[in-house]
Amino acid sequence: MIRQWQSWRVTWIGGMLVILILLTGCWSRKEIEDLGITIGAAVDLGKETQLEQDFERKGGGYTKRNALTLTYQMVQLSQSDGGAGRAGEKKYRNISVTSDSLYEATREIALMNDRPIFGQHYKVIVISDEVARKYNMQLLFDFFIREQEFRPSCLVLICKGEARNALDMKDKSDFPSMRLLSITDNQYRSSRILPPMSLSKLLPEINSSSSFLLQNIITADGEVKFAGAAVIYGKTGKLIGFLSEEDLESINWMTAKVKGGVLKSYDSRSGKSILYEITSMKSRIRPHLEGKRVSFDIVIESEGRLGEQWATGDDFDNQFIKRIEEETIKQIRHRIDKMLHRVQKEYRADAIGLSEYVRIYYPRAWQTIKKDWDDSFAEATIRYQVKVNVKEFGTTSINVHE
Amino acid sequence: MWNTFVSYLPNGSVLLQAFLVVAIPYTLSRIMSQTKSRTEDKSVQDNTEQQPAQPDFIGNLDNDLDRVKTHFMNETDLNIRSFHLGHTKQRAAIVFFNGISDRDLIDTHILKSLMGDLAARDDQSRYACTTAYTMQYLLNHVLSIGIVREVARLSDLSTELLRGHTAFMLDHSDGVVIVLGTRKEITRSAGEPSSEILVRGPRLGFNESICDNTTLLRQHGEKANLTITELRVGQRVTKELAIAYIKDIADESLVQEVQARIERINLDDVQDTGYIEQLIEDNFLSPFPQIQSTERLDRVISALMEGRVAILLDGTPFVLTVPTTFNMLLQSPEDYYERWIPGTLVRILRYFAAFVSTFGPSLYISFISFHQGLIPTKLALSIAATRVGVPFPSLIEVLIMEIALEILREAGLRLPKPIGQTIGIVGGLVIGEAAVQAGIVSPLMVIVVAVTAISSFAIPQYNAGIALRILRFMAMIFAAIFGLYGVVLFFLLLCSHLSKLISFGVPYISPAAPYRLQDWKDFVVRAPFKLMKRRPKMMNTKNTIRKK
């Protein structure tokens, strides 16, 4: 009897202990609707918004120098239906905070918003070109990489002008950040888009202090366009200039990072335009090292189809197809020459990413030349060969000479 | 010096936590070992009854009948019919209970043979004969009854009478009473079992009569070498129990173990095989059923052919098969009746359903409350939007719906069939829709609960489904405390428990945990019969070849 009672007591105490532990609560639990899901960020030079000025006039504020303005794009949750808001209703909300530190600015939002920033769904980070010219990339992205709640697949873009404009959109029913991300998926339609540069890809570029390209966007009247690329100079980590859309396209051709796109050239006989559509592009890059001098042999091979022609040539005539190939090669060579002049002579920065090939082919020598690689690149001889093969001309039955 | 020493000591809360980490598992294990030892104590039996030397029956009819009468003093339905044998003066009597014995049989084959036929046969020669009929003569020449048994003890006689047999007593006999098999059984015809329905396969299930059930087993094939050992269980209400196995396949030590465990049952009344299951299983604290119970004949037959042992009990259509492994609970006889490709696909689907029914809601909780970054952005936004008005954290939300669903399921079970369907519509559609409209739960939650419920119905064995349902709630609590980490912890806990579990000497998750690749042919996949040439190795069968 006594033993039974004791065992009951033991059971009771054990049960109480279990319950007490379980009732301490669920730590680190945060329901999804209580989070301020943030899908984009923009960094501009410090310029306080009207709201902030009003707040400060009423006594809000702290010691700061207003170096940067950070804009977050937060999702506005509407209960009406699953995410798709009513027509005309804004689905997002951009919050700008000016401070010297990006982290401080982020925490400042917790004072004004019931749902603090939740960064695991970042889609894009847009940097204004002025900020990129002024600050080293390593310092600029320190916060975004150091922060635990960040998404490494987040896309990094440069915006000419105010970066926060890129996070706005005329059509309020969609998310501007998502639009920017989705445009990079269109690489199979245009060769003027740089392969997406995510935070995780950016990190090694910054750390190895090599020069690289970032996709540039421009904004006008609530719309955006992917326009060329920004050149980040390795040694300083700052933006030194822009490449035009055509230069960017040439770089993509050279490194064969093309999934599709079109190439317009002019027929030398009639002067009318011919459109060559790229279906595949390959390139072989072979570096040579003689002492300190570097040279490259590049073979670019492309296959494609005749997409459109205004030259009234006969599609079934092999001579005409040959002529198109030649015109296209001429066009490519012309454009690549222009691009090489710009990166080698003007910017003196290896924006093409040829350093990778040298590192792979000459790993020992690379250790000594990597310090001044951009200068070596500027002096390097780049020989290239272009082969174009027009395989077909699509569905057509027009025979002009009949 | 002292201060430096003190600074290295952990503070109170750390010490408390350390104490709890040690104390809780210790106390739990103590409690469990105590309960275990108590049950084992009980199983030690001292069942040695003293047999009195005095015989109960002396051969004098009046005296013997008096003994029977006094024994059944209070039974009003005891029927004693005394008569004379044929034309002789020799007295005899039959004793039986009204109702449970077959009156037709008694009238036509006992009374008529002993009185009318005997009289007609010995009309002239025996009329004045003074020598009495011997019991042996009557059995050999007169009584046309199939089942006949001699009893000498009153207690034996009384059980036989209560089972519906008839006692035949003769004056001037040698103190032996003959029991004639006149038992009448109220049985149901063997129909399709309602709890386990197949599209293809035999429509035959067991019924409540052990006689019919063993008949069904015997009927299955001619050269099966089926052995059926009969035992008695129950102290106060004794019932017939049969152990069936195939002599040249089943492991002898297994049969002995089953027999020994059944003999250890000291319950006064065993109502169903469920009682036996709980009394002979290895681990009574585990949520998993360690013994398969089924109404289907083909399930039992296939288990027997794998070298398992079946336990049949009088009065229940549910037959136990031991040992049971976890994969048996997720298999259906149909896997073998259909071709191997659909069989395999359906089986894989069932494993997936088992996983969903256990971990569905807990994964929902951990994604919604802890790991929002793991949900694709667009989905996260739509989930967040649907949850904006919901006042509860996800655990409470899931608990509300899950408990509502369990109540619904239980209610639907109790109701008559036609109303049961209405309950499904009212409960499922109306409550689900209304709860979403009222903003108590989010629509996605309803989907998760519904998918979980459907998955749990896909498990062919009802008791396995219940086990997974219980575990689902535990997984939900783990998820609510630690998120995905908790779910993983719970899964590991479950795995360690399962790998420790043993059913009659065979590890519970057998082909998986003691790794036997040969048995995997009939585990997650159902290999074509051309490949399944041997019986499962884990059963340690005498004869291993299934197909040449």
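In the predicted model, the side chains of Glu52(A) and Lys64(A) form a salt bridge, with an N to O distance of 3.9 Å. Glu52(A) belongs to helix α2 of chain A and Lys64(A) to the loop between α2 and β2 of that chain, so the pair ties together parts that are 12 residues apart in sequence. The distance of 3.9 Å for this pair falls inside the cut-off, which is set at within 4 Å. Over all chains, the structure holds 50 salt bridges. Side chains of opposite charge can pair when their charged atoms come close.

The loop that carries Lys64(A) also contains Asn66(A), which lies between α2 (50-57) and β2 (68-75) of chain A. Asn66(A) is not a glycine, yet its phi is positive, at about 55 degrees. A further backbone feature occurs in chain B, where the peptide bond from Val322(B) to Pro323(B) is cis, with omega near -15 degrees. Pro323(B) is placed in the loop between β10 (319-322) and α11 (326-329) of chain B.

Turning to the interface, 34 residues of chain A are in contact with 31 residues of chain B. The two chains bury about 2,800 Å² between them, and 68% of this area is on carbon and sulfur atoms. Between chain A and chain B, 12 residue pairs are in polar contact, with both residues at pLDDT 80 or more. The interface also has 2 salt bridges. One of the salt bridges in the model links Arg387(B) to Glu31(A), whose closest N and O atoms are 3.4 Å apart.

On the side of chain A that touches chain B, the elements giving two or more residues are α1 (2-22) and β1 (36-45) of chain A. Helix α1(A) provides the largest share of that side, 8 residues. By residue class, the side of chain A that touches chain B divides into 16 nonpolar, 10 polar and 8 charged residues.

As to confidence, the predictor assigns the complex an ipTM of 0.80 and a pTM of 0.79. The average pLDDT of chain A is 86, and 92% of its residues score at least 70. For chain B the average pLDDT is 85, with 95% of the residues scoring at least 70. Residues 81-85 of chain A stay under 50 in pLDDT, and for this stretch the model has 10 contacts beyond four places in sequence. Where pLDDT is low, the predicted coordinates should not be read in detail.

How values were computed. Residues numbered from 1 in each chain as written. Chains lettered and ligands numbered in written order. Heavy atoms only, no water. Contact = heavy atoms within 4.5 Å. Buried area = accessible area lost by both parts, 1.4 Å probe. Polar contact = N/O pair within 3.5 Å; in protein donor to acceptor, adjacent residues only side chain to side chain. Helix = DSSP H or I, 4+ residues; strand = E, 2+ residues; numbered from the N terminus. Nonpolar A, V, L, I, M, F, W, Y, C, P; charged D, E, K, R; others polar. pLDDT = per-residue confidence, 0-100.
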